[in-house]
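Visitor: I have a model open here and would like to talk through a few of its features. Could you take me through them?

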Amino acid sequence: MASEREVSRMIKQGFLSSDPTLSFNLPSSTTPPRMKMVSNNGRSNRSLNNLSPPYTTTPVYPENQTQTLIQIMSEEPNHQSKISKIMKEFEDLNCYGRGDVRLTVIGKDGHAQISMDVHKRVLLEKSGFFRDSLKGRDQGVVVQSVEISDCDDVEVYLETLVLMYSHDLKRRLMDEDVSKVLAFLKVSADIMFETGIVSCLECLEAMPWSEDEEEKVVTQLGQLQLCDLAAEVLQRVSSEPSTSTRANDIFLRLLSGVMQAKDDKARREMRTLISRFFRENSSDHGRLDVSKDSLYSLCYRCLSSLTLCLSEVTGIDDCRVDRGVLMAQVAQEAENMRWIVDILIDRKIGDEFVKLWADQKELALLHSRIPTMYRHEISKITAQLCIAIGRGHILVPKDCRFSLLSTWLEALYEDFAWMTRSCRSVDKKLVEDGLSQTILTLPLLQQQTILLTWFDRFLSKGDDCPNIQKAFEVWWRRAFIRQHAAEQDNSHLQITVCDHPN
């Protein structure tokens, strides 16, 4: 009963219409709000100053749907609260007295209708939409009411109209989030509220955005087609073409910075971050394009540093301090090299590096003169290449594959125990499988040479040697069980041609 009395009281005061059956046609989603005017001439005996109350709200429902007023009230308490807040702001800003135009805003699908008394002078001054629509109606005609329909959000539309009365729009918008400012911007663009458009854009340009909000900003500004007005806002997420062409130089600087980093933890974090950038760019078909030459220039730099460090190590005495410092540099340069090689493999341009690494005879010789505990980081590069070749991620000629193993396989054997036992990141089985598959891509006689040497070594070293028994078995079956010699095939397809009488 209390709810019924509340409804009756609001009907008497004009907050609700007693006729909840009004309906409106569904507009196209691409059309702007429509305006309809009802006007009296100057001889009308009806005074606009007698419009009462200052605003009313009327819920409107689709056809063939009925609801009681109690249901209306239970479903729209927040709506009434928002409208009251908007009206309170309007009263605070209004310095013109009683309005001379009753403005009615109607939502899409006919779900809401709000009316309020506004001032024609404000509409004409602030909105190009109203200036164009009310043009020629000033002489002898008093506009009594204006109806705007097909609005996406009635409350936001009404609140934007109230913003026309604000003398400091930018300060007023500081209290709003990005989504609300975008909503104001859309309505301001609909009604050509120039000051509102500029203020919203200035606010968006200065506000921080989350990634989700960024998508909304870019999408809506694109839809509104504000052209040069939105350019400063979009500078945050876009750049001139000349900037994108510098991506190679920027990434080269970032890669070089990580490789020369002094702090180990920071180097690891940034290396992971930049590697993710490369992967995301590749998967999303991004515009980032770091040149092949730039990446290989880093490889040559690492090779020069490794050769220099190993040369210094072999040339000094047993001073542990100096050797320890040098070997830390060796480990870092080897780690840098593996990182760049990973990028080359991901980008499918690692074939040239296989030949480059296979040609490092001097480095391999220096490597053999250094204790295993210091040098095993370098052998990880060979293991990395064997894994990539074994998986088909790098395709190089057989001479290049054999040269790689001829140069570095002995070093990989020697360092295998240290490499797999001291480094959690090294997967022993993965290395063994990669090495096996790489060997099995060679001609049969080369397989035989490598695998017979491995056989003797494995019997001597056991687990300290990579177990490539599966490759040995495959070679044995290829060599002595399966015969794939080029013999004449007696099962050729035979074709017989017959002539048939007509």
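Visitor: Which residues of β4 are buried on one side and which on the other?
Guide: In this predicted model, Ala112, Ile114, Met116 and Val118 are buried on one side of β4, and Gln113, Ser115 and Asp117 are buried on the other. Buried here means under 20% relative accessible area, with exposed over 50% and partly exposed in between (1.4 Å probe, protein chains only). Strands are DSSP runs of E of at least two residues and helices are runs of H or I of at least four, numbered from the N terminus.

Visitor: And what is the bridge partner of Val101 in β4?
Guide: That is Val118, and strand β3 (residues 101-107) pairs with β4 in the antiparallel sense over 6 bridges, where pairing requires that DSSP finds at least two bridges between the strands.

Visitor: Switching to rings, how many aromatic pairs are there?
Guide: The whole structure has 13 aromatic pairs, counted for rings of Phe, Tyr and Trp (its six-membered ring) whose centres lie within 6.5 Å, with planes under 30 degrees apart called stacked, over 60 edge-to-face and the rest tilted. One of them is the edge-to-face pair of Phe251 and Phe278, at 4.7 Å centre to centre and 70° between the planes.

Visitor: Where do those two sit, and what does the pair tie together?
Guide: Phe251 is in helix α13 (residues 247-259) and Phe278 in helix α14 (residues 264-283), so the pair ties together parts that are 27 residues apart in sequence. Both Phe251 and Phe278 are buried.

Notes:
Residues are numbered from 1 along each chain as its sequence is written. This is a predicted model: local features need pLDDT of at least 70, side-chain atom pairs count only at pLDDT 80 or more; totals for chains, interfaces and linings use all residues. Side-chain values use heavy atoms; hydrogens and water are left out.
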